[in-house]
Amino acid sequence: MPEKTADKVELPEATGAASEATAPEAGTPASAKARSLWSDAWHDLRRNPLFLISAVLIVLLIVMAAAPSLFTSASPRDADLAKHYLQPPNWGHFFAPDWFGYDGQGRSIYARVIYGARASILVGVGVTLAVTVLGTLVGMVAGYFGGLVDTLLSRVTDIFMGIPYLLGALVILTTFAERKVWVVILAMAFLGWTTIARVARGAVVTIKQADYVVAAKALGASTTRVLLRHILPNALAPIIVVATIALGGYIAAEATLSFLGVGLAEPTVSWGVDVSAGRQQLRNAPYVLIVPSVMVSVTVLSFLMFGDAVRNALDPKLR
Amino acid sequence: MAEPTKLAKDDEPQDDATPNVSEVETVEAASEEEAVAALDAHVERGEPILQVRNLVKHFPLTQGILFKKQIGAVKAVDGISFDLYQGETLGIVGESGCGKSTVAKLLMNLEQATAGEIFYKGQDITRLSGRALKAVRRNIQMVFQDPYTSLNPRMTVGDIIGEPFDIHPEVAPKGDRRRKVQELLDVVGLNPEYVNRYPHQFSGGQRQRIGIARGLALNPEIIICDEPVSALDVSVQAQVINLMERLQDEFNLSYVFIAHDLSIVRHISDRVGVMYLGKMAEIGTDTQIYDHPTHPYTQALLSAVPVPDPDAREGRERIILTGDVPSPANPPSGCRFRTRCWKAQDKCAEEVPLLAVPERFQGTDSPAAHESACHFAEEKDVVHAA
Amino acid sequence: MTIIDKPADVPAPRPDTDSGTPLLEVRDLHVEFKTRDGVAKAVNGVNYTVSAGETLAVLGESGSGKSVTAQAIMGILDMPPGRIPKGEILFRGEDMLKMSEEERRKIRGRKIAMIFQDALSSLNPVLSVGYQLGEMFRVHLGLSKKDAKARAIELMDRVKIPAAAARVGDYPHQFSGGMRQRIMIAMALALEPDLIIADEPTTALDVTVQAQVMDLLAELQREYNMGLILITHDLGVVADVADKIAVMYAGRIVETAPVHELYKRPAHPYTRGLLDSIPRLDQKGQELYAIKGLPPNLTRIPSGCAFNPRCPKAQDICRTEVPALSLVTEQDGTELPGRGSACHFWKETIHG
């Protein structure tokens, strides 16, 4: 169909002022500064309220994960049975350990929620990093070299994709007696890299046909150079988008696994573990379950919004 | 690289003085008799810098997912031969699907030839690899069609033009590179201060200049231009063409200029080859091809060019071909043009016409005495108004 | 011939070639787009008229606003980011910009049809061409499937697609570029519109096929006595078929002229520059004339005449005052019908 949007209306970029003697074509680019595509994206992001809200929340969560003691002086493991299922007091006691009440073992729910951020963020970021590295590698090799390599890697990807995610994670994690954070990360990454691999492969297949890649080859550039200088930087945008959106999903998945009793377990402080524990006194003390659940939801939502905003900025065509 | 001096101003269109019209050009522009003399000029210029012999590229058509079976081949280039001399421009024209872009890729060694040879200064480069190939690449560079996709959007202009030096560090010592890049920008008429800008900050014509600067960086002898101006606006096309001509004179470059725009090809080329369905239909000097074409396809192609002059238009004979170009996967037997040719006879279906000077013109001084692959080659002027 | 006629006060469709109201009249049309870098003024006061049986060529480079004007006429501009702050588009005397979406939809396709440059992406790849052609008849005329197919074949014959009956079930990708453009033309013709807008109809085609398609278009136009707006950047294509030409630059018409006149004696430096910058086919030229500089950035169009930074004739007045499209006359003052130039120095340009 016809070209309609403003993106596509051809707007010659340079000004017509042919004043410079050295430049017969009057080469004054539209903007005075060097503007990379990344900085253009950043320019868009800064003006997106969705991005600002989610970014503030994410920064808050990261600070929480890195330095929980900034938010509470109480320890998540201090159990005072006298405070067994103690109700939250009147609203208004900000940053007090009893803000959200106490759980069955008399531990401050507020403190546990603050300290629980670390496990969730760690798993979310850890899985995302591992998945991105592995997926990008597989996707790039498959997409760039094609042929038999591609066929083999793509079939392996398909096989992994065929494994139901939660069921697979359940099976793997139940074989571990002690489930530390890194075990959960590895198990989840082992099953989760396929999406990124596919996205990366698709991007690389398109990009490797671009004239600038052909131009680099014509100059005699080595395969490594072509991959790292030309293909990777251009394939990165869709990968980053998928990865940020997936990050929220991994946090939710970790909570789910912990809830089911195969993810993180006591004594690790984690939202999933707390949600699981909260189930027991759902009627008398619903807050024990609700507070960590809300934390999971807010975190997942933040990352989803963040991913959405990043996608809009990096790829305006998807809008 | 020869020291680029302050000549950017020469590019100013107002300067009517053309200090560097190449010798060949003047000879050919003069008159028809002298056109033949121009042919001899090649001999004087000694050995061709590039010799292409029976170049073939077939792309296999396969079926099956895991175990691929070849079921046929697209005969993109099917036996092409030509020479390129130092400092000359060889134009290659033809319609889409005729294989001209594949020829460019083969010359650049970006595709592996199925058969045939490409001799660069006597050395066959089609089977080279590794270090030897890299050395040859320094001397044969390329300018691409689409200035929007031929520059990496994530790299600055400085990095793009400087990349050849990263790949061939022997050409420019490290500390010297920034200066070299700025010189190159200056040579192609862009402000040297723009090294830190990104391609999307430039217009199409400026980007094409950046692409040309990259092609010049290694100081090559040959530049393969694949439709270098067809993506540009008319007013910018002329700027880029003038720039390319100036650079040719300055650095003694040889161009293979591939395009579908016949007027531009005539303007820039010393010799022209006409391709049809993977074969060369006719080849000769620009005067021979444009004013004395003997192949019916060339004649039809020339007569179909819309001319921006309604009066000249009305006096011209137009040959409107019927039908489309057949598929290169299944080309017609014998002469490939016979399905659309008004002269076709039984012989054309049976015998492949060879690219040679037609018998009747052999040994004559006639400008029609140039290579043409037609059994019934006949001179016919379709460009000039009757 | 048109099937559903608009209210009776509209002049009768075809026969009135030369009576009063032109088929289409664009008056002082402005279009702007919101972009990252500000408001891009794509069209800045365009006026033109097309009568039945007439071919108007709109010539311009990318960013000249030639296609945007056409999209505004068709009502297919994306709004936002596009906006029409000012102007009228009169079809048979009625302002289409004031019509309801429903009324415009009735005109679109039925009275005014459009042909695009890229036939492949304009056709639906999963439907056969026969189905897509027939759809016009089924949806707009309520024909049965069978009748619609018969009409589709008839139409394909019309645009000279060989073996139409056999190929009616084929899909777009099974046709060559030239054939696909013929199908687009057939589709535009299906409801026998009064006006066809062809946006670079042959740019994507090879020269030998270009000639075929342009000939077909011209022939059909004569036959149906349609108005044709031919949008192109190619001075050569225009020369063959147009009656009159409007040259656009930076969203304005800078010169209008009957086709032969324009090539013989351009009255605007931009037109002259364009003509001079094209190499000739029939002789080997010297260095090409090149218009210096670049087309202007539409978010920052130069003051005065938009062409002034690139113009060899520019004076102070050109930088301050926008030249109006004024009538062009012979040296002795005889009017040159249909000629206009938006240049302060048109006299020097045409007679100098």
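Tutor: Helices (H or I, at least four residues) and strands (E, at least two) are DSSP runs, numbered from the N terminus. The model is predicted, so local features need pLDDT of at least 70 and side-chain atom pairs pLDDT 80 or more, while totals for chains, interfaces and linings use all residues. Residues are numbered from 1 along each chain as its sequence is written, chains are lettered from A and ligands numbered from 1 in the order in which they are written, and side-chain values use heavy atoms, without hydrogens and water.

Student: What makes up residues 117–307 of chain A, helix or strand?

Tutor: By those DSSP runs, this stretch is 82% helix and 0% strand. An unreviewed UniProt entry annotates it as "domain: ABC transmembrane type-1"; such annotations may be inferred rather than shown by experiment.

Student: How do you know that the span of helix H4 (residues 147–162) of chain A agrees with expectation?

Tutor: The expected span is 1.5 Å times one less than the number of residues. For the 16 residues of H4(A) that gives 22 Å, and the end C-alpha atoms are 22 Å apart, so the two agree.

Student: Why is H3(A) called largely enclosed?

Tutor: Buried means under 20% relative accessible area, exposed over 50%, partly exposed in between (1.4 Å probe, protein chains only). Of the 37 residues of H3(A), 26 are buried, and the helix is therefore largely enclosed by the rest of the structure.

Student: Which residues of H4(A) are buried?

Tutor: A:Asp150, A:Thr151, A:Ser154, A:Thr157 and A:Phe160 are buried there.
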